[in-house]
Amino acid sequence: MDSQTDDHFNDIIRQAPTIFSEVDYVLDSTPERAILRIQAAYGGVYRIFITELIDTQIRKYRYYVLKKSWISIGFDNSPDPRALRLKYGKIGTEHAGEYIPHLHKDNKTHLELTEEMDVYKFIAWIREHLAQ
Amino acid sequence: MVNIAIHQKYIQALQVFGDLQETIEQALQRYAVERITEKIVKLSEREKAYQAQYGMKYPLFEKKIAEDYDFATHVEKDIALTWELDLADWEFCYKGIQDWTRKLTTILMT
C-alpha cells in the first residue's frame, strides 16, 4: 500500500467512529492493491457498508445504507450492465467493464447515474438525508 | 538497500552459522515466505467461499455481471442483493493471491 492510500484509509478509519456507532473494519493490502471494508450503524436503524478497493489504476467504491435488509441507498462504480444501458442506451461489448458511478435506491428498484463519489460526499449525504 | 539496526543478541547468535550477511538474508527470506504463504492461504479461503456462494470462479463472474443484464437480475434475486460489496472483496482476494504469488516467486528466485 502506498503512503497516499495508507493516509487515505487511516483518515477514514479515524473519522468513522465520530459519525457512526458499532464501527467494525477490515484493512488488507498486497504489494499492488489495498482494500478497506467498514460496517457500522447509524441513527439506530441503519447499517452502513463502506468498501474501497484501490490499486495502481482506479479507486473502486461501494457506499451502502441498509435498513434491515432493505437497501435505502447504494452508491458504487461497479461495472453494472444497467448503468451501462442508462449511460449508453445499450449494453455493448465496447463499454463492458467500464466503471460507471451510479446509485441504487428503493431496494435497488431504481438506478441513477451520479458524479464520482467519495466517502466524504457519502457522509455528507447521510447527514443530509438520514435522521441521526 | 536499506540499513537497519539489528540487536546484538541476534548478531552474536547468527554469527555462529557463518557469514552474517548471508545468514540474515536467509532468515529474512524464510520469514517473508512464511508470512506471504499465510496471506495466500487466507485469501484463498475467502476466495473459495465467494466461489461457492456464486457458483463460479471470479473471472467468469466478473465478466457476466458486467455484461449480462439478466445475470445481474438473477444474482440480485437469488444470491445476493449487495453483490457489489462481495465483488470488491472477491477481486481483492483473487488478484491479491496473484500479487503475493508474484512477490513470493521474486523472493525465491533472486
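In the predicted model, helices H2(B) and H5(B) are roughly antiparallel to each other, because angles over 145 degrees count as such and their axes cross at roughly 155 degrees. The two axes come within 9 Å, and the crossing in which H2(B) passes H5(B) is left-handed. On the H2(B) side, the contact includes Ala32(B), Val33(B), Ile36(B), Ile40(B), Leu43(B) and Tyr50(B), along with Lys39(B), Arg46(B) and Glu47(B). H5(B) contributes, among others, Trp90(B), Tyr94(B), Ile97(B), Trp100(B), Leu104(B) and Leu108(B), as well as Asp86(B) and Lys103(B). By class, the residues of this contact comprise 14 nonpolar, four polar and five charged.

Helix H3 of chain B spans residues 58–67, and its buried residues are Phe61(B), Ile65(B) and Ala66(B). These residues lie on the same side of H3(B), because the arc they cover around the axis is only 120 degrees. Pro59(B) and Leu60(B), on the other side of H3(B), are exposed. Within chain B, the buried residues of H3(B) pack against helix H2 (20–54), helix H4 (69–78) and helix H5 (83–109). They also pack against H2 of chain A.

The contact between the chains draws 24 residues from chain A and 20 residues from chain B. On the chain A side, at least two residues each come from strands E2 (33–42), E3 (46–55), E4 (59–67) and E5 (70–76), and from helix H2 (81–88). The chain A residues that touch chain B are ten nonpolar, ten charged and four polar.

How values were computed
Residues are numbered from 1 along each chain as its sequence is written. Chains are lettered from A and ligands numbered from 1 in the order in which they are written. This is a predicted model: local features need pLDDT of at least 70, side-chain atom pairs count only at pLDDT 80 or more; totals for chains, interfaces and linings use all residues. Two residues are in contact if their C-beta atoms, placed from the backbone, lie within 7 Å. Helices (H or I, at least four residues) and strands (E, at least two) are DSSP runs, numbered from the N terminus. Ala, Val, Leu, Ile, Met, Phe, Trp, Tyr, Cys and Pro count as nonpolar, Asp, Glu, Lys and Arg as charged, and the others, Gly among them, as polar. A residue is buried if 20 or more other C-beta atoms lie within 10 Å of its own, exposed if 12 or fewer, and partly exposed in between; C-beta atoms are placed from the backbone. The arc is that of the directions from the helix axis to the C-beta atoms. Axes are lines fitted to C-alpha atoms, for helices over the stretch in contact, and angles run from 0 to 180 degrees between N-to-C directions. Angles under 35 degrees count as roughly parallel, over 145 as roughly antiparallel, 65 to 115 as roughly perpendicular and the rest as oblique. A crossing is left-handed if the near helix is turned anticlockwise from the far one by less than a right angle, and right-handed if clockwise.
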